[in-house]
Number of protein chains: 2
Amino acid sequence: MKKKINVAVVGATGLVGRKILQVLEERNFPIESIKLYASHKSAGNTLRFQEKTHVVKDIEASDFSDIDIALFSAGNFVSEKYVPKAAGQGCIVIDNGSFWRMNPEVPLIVPEVNPEMIIGNHGIIANPNCSTIQLVVALKPIADNFGLKRVVVSTYQAISGAGQVGVSQLMSEINGELPESRISSNQLAFNTVFHTIKDNIGFSIEELKMIDETRKILALPKLPLAVTCVRIPVLNGHAESVNIETEKPFTIFELKEVLGKSLGIELVDDPINEVYPTPLMVENKDEVFIGRIRKDESIENGAYLWVVSDNLRKGAATNAVQIAEKVLESMVNG
Amino acid sequence: MKKKINVAVVGATGLVGRKILQVLEERNFPIESIKLYASHKSAGNTLRFQEKTHVVKDIEASDFSDIDIALFSAGNFVSEKYVPKAAGQGCIVIDNGSFWRMNPEVPLIVPEVNPEMIIGNHGIIANPNCSTIQLVVALKPIADNFGLKRVVVSTYQAISGAGQVGVSQLMSEINGELPESRISSNQLAFNTVFHTIKDNIGFSIEELKMIDETRKILALPKLPLAVTCVRIPVLNGHAESVNIETEKPFTIFELKEVLGKSLGIELVDDPINEVYPTPLMVENKDEVFIGRIRKDESIENGAYLWVVSDNLRKGAATNAVQIAEKVLESMVNG
């Protein structure tokens, strides 16, 4: 029975990688040793962790044989190649990329929603897409209590979801400078843009992820789900306008009660006094914030929700570390 | 039969008032004379119109007896008091405020949608809310061809919809300065906020306007319509994520054909090449731009639309001037 474990963070220099280190520290994750990896380009950089300076190593020279848990957030190319290597060397990988998420052998976990699926892992556990995580945290108690019939979502997504390049493009444009590199040929500042479009049915990859991953996590493979994903000029914090339709009738009082007592949800719903979840409010928080809860009279058993969460924390780093905590529990108990 | 007419613009110094003057000039509206009015506070200012300088007069000293058409955009307090005065003095008032819109005696007009209702006016014609205008231009051909069963809308609204105070708050915050006055106690920059909430059912006034006005303009008083209105840090140009459900089946090809040949609509729908409507793209345009047209498989006969328009132009000034042009036609023909 191990009390302290050896951890690797792959993609440590990225926005999410750095946030993973911050969350591991904050939550006092019991770390015996840590290895930091990044791409060849970022290797050699140093990062502070638990009051020590660590040199980031090249993923190409990685060795996971002494690692218990590896947290990957380094893009799909790295995940495809190095996640099987790490799992093959006997550690449990928690991968933040999309490459493994829809693999039927890989559990896709949000600890408040489907922690029981962790047990079925074969060394790889996938961390869902940011916009999916906050949605399923909100939907799970509704599905359990009233049954989900249909969900319509439009997102208001922060630019940090596109990584440092996106943030730099936005800030350059706001400061009237020419961006050095860009995530969209369209201007981000004072504008709205869409994520990369997948194919000729016109959906973005982000929209397809939200549909597929939500169904997998909720174990509702045919859930009718309509999704439009939009990037807006916000630095951090994704918001989602959600219209739900349920099987069973409910009152707004009941809906608020069900959501309010659910793990990981915080209700902030006093809009008359301008108190409601906003991207700025949720920054550096780990909960999913829900407000604007209203009856939707345009359909039987309908309601509106406004769901906001920090996409780098609950949408990525915190959820990954929470999965690691669950894995650790099973190691300690196993 | 008059060829040129006498026009008054009330609220001439506001964002919409100035835009009305610009649109009147651009469209060569046949003006014999123009009178500009504003609140006591703004009276005495001068504005350029058709290469002449005009002194803005105090609305309290207004006289409409020699005016043919008066265009009001001065807030509900002024509309309530001075619109009946102007109509009583025999001119046709086109009012951009919300005070008269839901009055059953007052036609609420979008020229592409319900121009035939102008004839029933008693001297007052209402110009709809900005977010409503672009929505009904998109919905009308769908209602006519396929029948509307339900509409779910989430808006992405520009700060210019809140007037100069809103724009100043946003720009002050972006520049790191303390705003002199504000439209929300929440920060606008890098954030999302809601419009003023109406009452204890939790809807904003903007959301209720969109529901009520859309039903009135489309003459579908019971149309099931779910609306969430959100302000985002965009200066100008409202976007709307719209999910429609129709009575009759349709293909995406048919839907695009119906929308593409409709008055006032421009399709911009090549998202694979990052070509889709954006707030920046529609600036200073008069059309309603539609893209991201996709089949919504989460419901029978469903589709997605992304509807964007310049809220100060088609959403306010242009629509008012287009109504004035229709009124003029009836004067010339009458």
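# A conversation about a predicted two-chain model

Author: Just after helix H1 of chain A, Asn28(A) adopts a positive phi of about 50 degrees. Please bear in mind that the model is predicted.

Reader: Which residues does H1(A) span, and how far does it reach from its first C-alpha to its last?

Author: Helix H1 of chain A runs over residues 15-26, which is 12 residues. From first C-alpha to last it reaches 17 Å, close to the 16 Å expected at 1.5 Å a residue.

Reader: Which residues of H1(A) are buried?

Author: The buried ones are Leu15(A), Val16(A), Gly17(A), Lys19(A), Ile20(A), Leu21(A), Val23(A) and Leu24(A).

Reader: And what covers them?

Author: The cover includes four strands of chain A, namely S1 (5-10), S2 (31-38), S3 (46-49) and S6 (69-72). It also includes helix H4 (163-174) and helix H8 of that chain.

Reader: What about Glu25(A): where is it found?

Author: Glu25(A) belongs to helix H1 of chain A.

Reader: What does Glu25(A) touch, apart from residues up to four places away in sequence?

Author: Glu25(A) touches Phe49(A) and Gln50(A). As for Glu51(A), which is 26 residues from Glu25(A) along the chain, the two C-alpha atoms are separated by 9.9 Å.

Reader: Moving to chain B, where does Glu51(B) lie?

Author: Glu51(B) lies in the loop between strand S3 (46-49) and strand S4 (52-55) of chain B. Its phi is positive, about 65 degrees, although Glu51(B) is not a glycine. The residue counts as exposed, because 6 C-beta neighbours lie inside 10 Å.

Reader: Which other residue has a positive phi although it is not a glycine?

Author: Ala219(A) is one, with a phi of about 55 degrees. Its place is the loop between helix H5 (205-218) and strand S10 (225-228) of chain A. With 11 other C-beta atoms within 10 Å, Ala219(A) is exposed.

Reader: Is His40(A) buried or exposed?

Author: His40(A) is exposed, as there are 10 other C-beta atoms within 10 Å. This residue is in the loop between S2 and S3 of chain A. Not counting residues up to four places away in sequence, His40(A) touches Asp58(A) and Glu60(A). His40(A) and Asp58(A) are 18 residues apart in sequence, and their C-alpha atoms are 5.1 Å apart in space.

Reader: And Asp310(A), buried or exposed?

Author: Asp310(A) is buried, because 28 other C-beta atoms lie within 10 Å. It sits in the loop between strand S14 (302-309) and helix H8 (313-333) of chain A.

Reader: What is Asp310(A) in contact with, leaving aside its neighbours within four places in sequence?

Author: Its contacts are Asn236(A), Gly237(A), Val282(A), Glu283(A), Asn284(A), Lys285(A) and Gly315(A). For Glu80(A), 230 residues from Asp310(A) along the chain, the separation between C-alpha atoms is 26 Å.

Reader: At what angle do H3 and H8 of chain B pack?

Author: The angle between helix H3 (residues 130-146) and helix H8 (residues 313-333) of chain B is about 85 degrees, and their axes are 8 Å apart. H3(B) is therefore roughly perpendicular to H8(B).

Reader: Which residues meet there?

Author: From H3(B), Cys130(B), Ile133(B) and Gln134(B) meet Lys314(B), Gly315(B), Ala316(B) and Asn319(B) of H8(B). By class, this contact has three nonpolar, three polar and one charged residues.

Reader: How many residues of chain B are in contact with chain A?

Author: There are 44 residues of chain B in contact with 44 residues of chain A. On the side of chain B that touches chain A, at least two residues each come from strands S9 (148-156), S10 (225-228), S11 (238-246), S13 (288-296) and S14 (302-309), and from helix H7 (279-282). S9(B) gives the largest share, four residues. That side of chain B divides into 25 nonpolar, 14 polar and five charged residues.

Conventions: Residues are numbered from 1 along each chain as its sequence is written. Chains are lettered from A and ligands numbered from 1 in the order in which they are written. This is a predicted model: local features need pLDDT of at least 70, side-chain atom pairs count only at pLDDT 80 or more; totals for chains, interfaces and linings use all residues. Two residues are in contact if their C-beta atoms, placed from the backbone, lie within 7 Å. Ala, Val, Leu, Ile, Met, Phe, Trp, Tyr, Cys and Pro count as nonpolar, Asp, Glu, Lys and Arg as charged, and the others, Gly among them, as polar. A residue is buried if 20 or more other C-beta atoms lie within 10 Å of its own, exposed if 12 or fewer, and partly exposed in between; C-beta atoms are placed from the backbone. Axes are lines fitted to C-alpha atoms, for helices over the stretch in contact, and angles run from 0 to 180 degrees between N-to-C directions. Angles under 35 degrees count as roughly parallel, over 145 as roughly antiparallel, 65 to 115 as roughly perpendicular and the rest as oblique. The expected span of a helix is 1.5 Å times one less than its number of residues.
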